[in-house]
Amino acid sequence: MKIISQISLFNFKLFYSILYILGFGLLAIYSISYKNTGFNNFNRQLLFAAIALFVFFVIYKINYGIWENYTSIIYLGSILLLIGVLFLGEATKGAVSWFSFYSYHIQPVELAKIALIILLAKYFSTIKVNDKRFVHVIRSSVYCLIPAALTWLQHDLGSASVLVGIWLIMVLNWGIKKKYLFSMLGIGIVIAVVSWVFVLADYQKERVMILFNPEKDPAGTGYHMIQSMTALGSGKIYGKGLGFGSQSQLHFLPEAHTDFIFAAIGEELGFLGITALMVGFLFLFYSLYRIAKNSADNFGRFITEGVMAMFFIQFIVNIG
């Protein structure tokens, strides 16, 4: 009877959407590895997928409420890891954000994202319904800015932005007053201007400018973006077929199995392929939305909304 009860509570829709997206990624990496790496990347990803599914079923059996009792430990542990990687981490492409163990790498900021979500979920869930003071926005922002600043010091501006985005979406879902929202918008604009003038390095400014005009430096900073758009466009409606993408298979598309996997999928499977992929993500977001809406308590709701925010931001950033 216990097994039947667990099966009845299991969210098959969410699980199927995860398997669908996971299978899509494995298929794409298999295709890219076919002629390039002797399936090394595919085998590694297959191992990570198996580990992830194992962890999924282990965590599934744990009542999520238990994390509320260990939020401080989880958060402080993630901060210590972010500090540790600054001194012991391995530099990769200008960023010092990885711990290396033989041929495998662990990026502490990924754990920090989950830790931040759990901490903010507990904080917002303990605030009284009618208590919308700005002090709660300030306190929660400090929880976010500590890991975001440590991540920025690793020269990983993208992950730092994701942390800030998670906090912002969770604050909006908490129910911030409009006058505070406009104040935050004004502060954000001031910080952005000051950062542009005094904080960002020249190469970081160049990346932002190239984002809007890659033709400005087609052989340098804009090369990757131009190649990705070329790959995506060349796939047309039906794609060139798995293993037959000229941009990805002939190395014109850099990091085809990671940063530019979406462009590789578009080239080989075409518009129909990326549409099918997006349907999987939309179903994932809808499943998480339903879980958040039907949560039995605010802690569970905020955790789900935080996870959904994390996936959504990374979805937009990586595809954009």
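This is a guided walk through one protein chain, from its overall make-up to a few individual residues.

The model is predicted, so local features need pLDDT of at least 70 and side-chain atom pairs count only at pLDDT 80 or more, while totals for chains, interfaces and linings use all residues. Residues are numbered from 1 along each chain as its sequence is written, and side-chain values use heavy atoms, leaving out hydrogens and water.

Let us start with the whole chain. The protein chain contains 13 helices and three strands; helices (H or I, at least four residues) and strands (E, at least two) are DSSP runs, numbered from the N terminus. Of its 320 residues, 37% are buried, where buried means under 20% relative accessible area, exposed means over 50%, and partly exposed lies in between (1.4 Å probe, protein chains only). The chain exposes about 18600 Å², with carbon and sulfur atoms supplying 70% of it; accessible areas come from the Shrake-Rupley method with a 1.4 Å probe, and for residues only the protein chains shown count as cover. Among contacts (heavy atoms within 4.5 Å) with a separation of 6 or more, 66% join residues 24 or more positions apart.

Now look at a pair of helices. Two packed helices are described by the angle between their axes and the distance between the axes. Helix α5 (residues 108–125) packs with helix α6 (residues 134–153) at an angle of about 170 degrees, and their axes are 11 Å apart. Here axes are lines fitted to C-alpha atoms, for helices over the stretch in contact, and angles run from 0 to 180 degrees between N-to-C directions. On the α5 side, the residues in contact include Leu-116, Leu-120 and Phe-124, and they meet α6 residues including Arg-139, Tyr-143 and Thr-151. Helix α5 is mostly covered, with 14 of its 18 residues buried.

Next comes α7 (157–174). Its 18 residues should span 26 Å at 1.5 Å a residue, and its end C-alpha atoms are 26 Å apart, which agrees; the expected span is 1.5 Å times one less than the number of residues. Trp-167, Met-170 and Trp-174 are among the buried residues of α7, and its buried residues pack against α5, α6, α8 (178–199) and α13 (298–319). Just after α7, Gly-175 takes a positive phi of about 110 degrees.

Which other residues have a positive phi? Most residues other than glycine have a negative phi. His-155, however, has a positive phi near 70 degrees. His-155 sits in the loop between α6 and α7 and, at 42% relative accessibility, counts as partly exposed. Lys-236 also has a positive phi, of about 50 degrees. Lys-236 lies in the loop between α10 (223–234) and α11 (246–249), and its 65% relative accessibility makes it exposed.

Finally, follow His-155 to one of its neighbours. Ala-95 touches Glu-90, Gln-154 and His-155, not counting residues up to four places away in sequence. Ala-95 belongs to strand β2 (residues 95–101) and is buried, with a relative accessible area of 10%. The C-alpha atoms of Ala-95 and Leu-157 are 9.2 Å apart, although 62 residues separate them along the chain.
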